[in-house]
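Subject: Structure handover

Hello,

Here is the structure I said I would pass on. Please open it first and keep it beside you while you read the notes below.

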Amino acid sequence: MTARAAQPSGARIYERCEALAQCSEESGALTRVYLSPEQRAANELVQGWMREAGMHTRLDEIGNVIGRYEGVRPGLPCLMLGSHLDTVRNAGKYDGMMGVVAAIDCVHALNARGARLAFAIEVSGFADEEGVRFNATLLGSRAVAGTFDAKVLDQRDAQGISMRDAMSAFGLDPDRVPHAARKRADVLAYAELHIEQGPVLEAEGLPVGVVTAINGANRYTVEVKGLAGHAGTVPMNLRQDALAAAAECVLAIETRCGREGDLVGTVGRLEAAPGATNVIPGDVRFTIDVRAPRDDQRRAAAADIKAAIGAICARRGVQFDLHPTHEGNTAACAPWLQEQIASAIATEGLPVRRLPSGAGHDGMAIVDLADIGMLFVRCKGGISHNPLEAITIDDADLSARVFLRFIESFRPAGERL
Ligand code: GLV
Ligand code: MN
Ligand code: MN
C-alpha cells in the first residue's frame, strides 16, 4: 500500500467524471436520462469502479447502482453515500456524478489501507434525480426511501413510452419497485458530496461548505388551449392565441418570484403547436418550477401563480390545464451531521461556511428514511445545468479528503452502533 493509494485522488475523480460524460445520447453534449442505453453504460462503468474499490455491487429494483463495503463484520447498518447518475439535457459533467465517484474514491482509499469501520458504507448512484424523461423527479431516491408513487409508472416520455414499459425494456420489473425500499434500522445516515451549483463559495474564496437545508420546490406542467387560425386573416382582437397567453403567464411568474429575494421561479420548457410561421398557435405546453427556502413562502407563491394564470387565460378567452408534477418540502440537514462535516472541514485547516442549497438533491427524498448531510464543493462561476460547469482537480482532491475524514470520524446519532 502506498501513501498515495490510501488517499482519494482528485485527478481520478476528474478523469472518471470525464469518462461518465462519454455516456451520452448526443455526441458533443452530455444528456443521459433514466432507463436509457447511456444509463446502462454509465452503470457498468460505476459498478466496475465500485468493485475495484472493494465493494459488492448490485442494481436495485428501480435501477440504482449500489455498492457496499462491509464494516468490521458483515451485515452492519450502513452510512449511505452517493448522488445521481442521470443528467439534465446538455448537462455539465459534475452535477451528481462527482458525488458518486468521490464517494467511491473514499472507499477506494479505505480499502487500500485495509480499513474496516464500525459500520458498513453503501454508495448509491441514483438512477433518476433530475426527472427529465418522465417529468417526475427523485425516482431513484424515492424508491430507496419507500416513498415511490406507483402512479408515475403510467407517465409517458416525449416518445409516448410509459415508465412501466421503459422499465421492462431495461430489464426491471415495475411491480418490484417497492423492494428497493430500505429499512430505517439499516441506514445510519445519508451524506452527499455535490458541487454547489451557485456562486457563493467561489465568491468567498472557499473550496467547500456545509449545507444547512435543501430548498423545497413545486413543479407543474401547464397546457394552454386557444384556437389555431390563419395568421393573415384573423384580426388581433378576435384571436385566441395560446402562445401570447402563455407568454403573459411566463412574465407573471417572473414578476411574482422577483418580488422576494430568495424565491425563484422558472419556465424551463415551452412548446407551441402547431408551430408554423403562418398559423396562430392553438396549443402551448410549458413547465413551471418554483423554489424557496421556506415552505410557506413557496406555497404562497405557487398559489399566486395559479391564480395569475387563471386570470390571464380568462381575460384572453383561452382554456388551461395545470398539473402538479412535483412537490418537495424544504429538507433540513441534520444539525449533528452538519457538525461532523464542519469538524472534518476544520480539521483540514479550512474555514467552515454554512449555506443552504437552492438546487434539489436526492437528500430531499432520503430524508424520509434517514438524517441527511451534504458537503458542497466550489464550482466555476457557480454555473451548473450547463456544459460550462467546471471544477478543479485541487478542489476535487481537497473535498474528497474532507469527505473521507468525515466518513472515518463518523459517529451515528444516539449511539446506534
Ligand atoms: C436538480 O438538479 C434540481 O435542482 O432541479
Ligand atoms: Mn441537477
Ligand atoms: Mn444534482
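Along the chain, the donors of the manganese ion (ligand 3) follow the spacing H-x10-D-x98-H. Donors here are N, O and S atoms within 2.8 Å of the metal (3.2 Å for Na, K and Ca), and since water is not among the atoms, sites may look incomplete. The residues are H84 (NE2), D95 (OD) and H194 (NE2), which coordinate the ion at 2.0 to 2.3 Å. H84 belongs to strand β3 (residues 78-84) and H194 to strand β5 (residues 187-195), so this pair ties together parts that are 110 residues apart in sequence. Strands are DSSP runs (E, at least two residues), numbered from the N terminus. D95 also bridges to the manganese ion (ligand 2), and the two ions lie 3.6 Å apart.

This is a predicted model, where local features need pLDDT of at least 70, side-chain atom pairs count only at pLDDT 80 or more, and totals for chains, interfaces and linings use all residues. Residues are numbered from 1 along each chain as its sequence is written, chains are lettered from A and ligands numbered from 1 in the order in which they are written, and side-chain values use heavy atoms, with hydrogens and water left out.

Next, ligand 1. In the side chain of E130, an N or O atom is 3.0 Å from a ligand 1 oxygen; for R219 the distance is 2.8 Å, and for R291 it is 2.6 Å.

Regards

Methods. A polar contact is a pair of N or O atoms within 3.5 Å; within protein, one must be able to donate a hydrogen and the other to accept it, and residues adjacent in sequence count only if both atoms are side-chain atoms. Helices (H or I, at least four residues) and strands (E, at least two) are DSSP runs, numbered from the N terminus.
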